[in-house]
Amino acid sequence: MEGGWERARDLSRRVGRGVAGAGRATARAGKATAGGTVRAGKATAGAARSVGRATRRLTHANGADRTGLGRLIELTAGNSAGDTLVTVALAGTVFFGVPVGEARGPVALYLVITMLPFALLAPFVGPILDRFRSGRRYVMAGTLFGRGLLCFAMAAAVGPQDLLTLFAGALGVLVLSKAYNVSRAAIMPSVLPADITLVSANARVALFSLVTAGVMVPVGAGLTLWLGSATMLRVVMVVFLVAGVFAVRLPRHVDSPDLEEETPEEGRAPRWRTLLQVGPAVAEAVWANVAIRLFSGFLLFFLLFLVQDKAVPWLAPPAPDPFFDLTKTIGVLALAAGLGGLVGAVIANWTRNHAPGLIVLLTLATTAVTAVVTAVLFGLWAAVAISVVTAFAQELGKLALDAIVQQEIGEEVRSSTFGVVEAFLQLAWVFGGLIGLGLSLTESSTAGLVTLAAVLTVTLGWLVVRRRARIRTAGARARQAAAHAAAHAETAPYAPPEPVDRTKPLTNPP
């Protein structure tokens with residue numbers, strides 16, 4: 001009996017030692033895991049700080065830290081992040097579910113319903129903003145705070161699938177986003193450093209916005225899958241509210257003093273801007289950008305439905321490409337468009353050209369030539385090339401247009417002008433998308449591309465003719481003015497110089 005108890009005690013001691021050893025091993029493993037987690041956290045924090053310092057050096061380069069351009073770039077990147085996260089969060093809802101797999105009629109209705117009201121509201125944004133020039137920081141902050149509140153309302157509507165609230169909220173986000181962009185473009189000359197051109201400054205803002213949007217797409221998609229659309233919209237609300245606080249902290253010189261009202265003798269009250277009132281240089285750049293934006297909308301939906309109907313050479317039976325199926329084709333074309341926009345912003349940031357009007361015409365010419373070549377040599381890589389070039393031309397042309405408006409239009413109506421321009425460009429994109437839907441019914445890439453290439457070519461020729469006529473007229477007026485000044489100098493009576501009183505001291509001695 002005693003031997004049994006001794007064996008039991010011995011077994012109990014061995015079990016105890018084993019449990020203690022396992023506990024010590026678990027503690028060591030826990031310490032190692034905690035240490036690894038701490039080290040990984042420190043490494044991540046260090047990498048984040050390094051990226052932040054590198055980003056700050058880029059945004060504040062060339063004197064941008066002194067004028068406030070660096071802060072504006074960072075604020076616009078936050079604005080872009082918020083807009084991208086809203087789009088990703090709403091991607092799976094009833095409102096944002098684009099019926100690309102359905103008939104063309106629902107897609108056309110979707111285009112009209114979602115984009116046309118926004119385009120019609122855009123002209124009203126500019127005149128309102130022009131009345132608040134002395135508080136542009138607070139206007140920009142208001143657009144951010146407003147989008148934050150709309151995100152909170154849409155989050156509550158996601159669960160019950162309240163389509164009316166989602167539509168109103170998304171439309172409000174679009175309008176407020178455009179109002180922010182109009183205000184940002186209007187204040188750009190006031191934060192422009194001496195060593196940077198307007199095209200380069202606009203490009204720097206666009207470049208950081210595009211990079212931020214590209215980073216936020218996968219981040220937002222992952223967070224939406226994890227948290228859900230409603231929670232994601234609440235997170236975006238916080239992003240917008242924080243960005244609104246940073247908008248208020250922009251430099252005070254971005255606010256312009258209110259100008260005196262016009263008296264009845266000086267003329268009527270300022271009218272809203274149209275293409276007939278912006279001057280020839282701005283109108284020329286706007287029409288070129290309208291043509292590019294028309295082709296961009298056309299190309300998106302034309303290629304989308306050709307691919308959807310498998311009416312492209314690499315997907316058509318009986319010998320489709322074994323690698324590039326429908327999903328991969330759409331992904332490659334989307335990636336090409338994103339790359340083209342990024343390249344356009346990079347090229348504009350590097351350019352030191354002080355003739356943005358010439359840049360606009362060159363982008364239009366490049367798009368027209370590429371469209372013709374693509375129509376002749378249509379295939380997968382030709383479609384990729386035209387997607388890259390169109391996105392490149394759209395981004396670079398718009399940046400040059402912004403610079404022209406900032407140079408040519410007075411501050412008192414600059415926001416109104418930007419509002420009208422944005423409305424025209426949005427309408428052109430929607431109209432181009434509808435044309436693409438219609439021409440995709442032919443299931444012929446050549447017919448659609450040749451038609452739009454002809455439109456681009458005719459527009460380019462018309463603008464070049466107008467530009468040459470304008471230059472000749474300006475030259476003739478300059479020569480006439482010089483001849484008139486010379487004739488006036490010859491006929492004017494001779495006036496001898498007044499004698500110098502040498503008794504008086506010089507006011508500005510050498």
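Predicted model: local features only at pLDDT ≥ 70, side-chain atom pairs only at ≥ 80, totals over all residues.
Is Ala-201 buried or exposed, and what is its relative accessibility? At 0% relative accessibility, Ala-201 counts as buried. The protein has 510 residues, of which 44% are buried, and its secondary structure comes to 14 helices and zero strands.

**The whole chain**

- Reading from the N terminus, the order of elements is α-α-α-α-α-α-α-α-α-α-α-α-α-α.

**Helix H3**

- Helix H3 covers residues 69-90, which is 22 residues.
- From the first C-alpha of H3 to the last is 32 Å, close to the 32 Å expected at 1.5 Å a residue.
- Most of H3 is covered, with 18 of its 22 residues buried.

**H3 against H7**

- Helix H7 spans residues 198-227, and H3 packs with H7 at an angle of about 35 degrees, their axes being 7 Å apart.
- The crossing of H3 past H7 is right-handed.
- On the H3 side, the contact is made by Leu-69, Ile-73, Thr-76, Ala-77, Ser-80, Ala-81, Thr-84, Leu-85, Val-88 and Ala-89.
- On the H7 side, the residues in contact include Ala-201, Arg-204, Val-205, Phe-208, Ser-209 and Thr-212.
- Also among the H7 residues in this contact are Ala-213, Met-216, Val-217, Gly-220, Ala-221 and Thr-224.
- Sorted by class, the contact of H3 with H7 has 14 nonpolar, seven polar and one charged residues.
- As a handy reminder when you trace such a contact, an α-helix has 3.6 residues a turn, so residues three or four places apart point the same way.

**Ala-201, a buried residue of H7**

- Ala-201 lies in helix H7, and its 0% relative accessibility is why it counts as buried.
- Setting aside neighbours within four places in sequence, Ala-201 contacts Leu-69, Met-188, Leu-192 and Ile-196.
- Gly-70 is 131 residues from Ala-201 along the chain, yet their C-alpha atoms are separated by 9.9 Å.

**H9 against H10**

- Helix H9 (residues 280-308) and helix H10 (residues 326-350) pack at an angle of about 165 degrees, and their axes are 10 Å apart.
- H9 and H10 are therefore roughly antiparallel to each other, as angles over 145 degrees count as such.
- H9 passes H10 in a crossing that is right-handed.
- H9 brings Leu-303, Leu-304, Val-307 and Gln-308 to the contact, while H10 brings Leu-326, Thr-329, Ile-330 and Leu-333.
- The residues of this contact of H9 with H10 are six nonpolar, two polar and no charged.

- Lys-310 has its place in the loop between H9 and H10.
- The phi of Lys-310 is near 55 degrees, a positive value in a residue other than glycine.
- With a relative accessible area of 46%, Lys-310 is partly exposed.

**Glu-422, a buried glutamate of H13**

- Glu-422 belongs to helix H13, which covers residues 414-439.
- Glu-422 counts as buried because its relative accessibility is 10%, and the cut-off for buried is under 20%.
- Not counting residues up to four places away in sequence, Glu-422 touches Lys-178, Val-182 and Lys-398.

Key
Residues numbered from 1 in each chain as written. Heavy atoms only, no water. Helix = DSSP H or I, 4+ residues; strand = E, 2+ residues; numbered from the N terminus. Expected span 1.5 Å × (residues − 1). Buried < 20%, exposed > 50% of the residue type's maximum accessible area, 1.4 Å probe, protein only. Axes fitted to C-alpha atoms, helices over the stretch in contact; angles between N-to-C directions. Parallel < 35°, antiparallel > 145°, perpendicular 65-115°, else oblique. Left-handed = near helix turned anticlockwise from the far one by under 90°. Contact = heavy atoms within 4.5 Å. Nonpolar A, V, L, I, M, F, W, Y, C, P; charged D, E, K, R; others polar.
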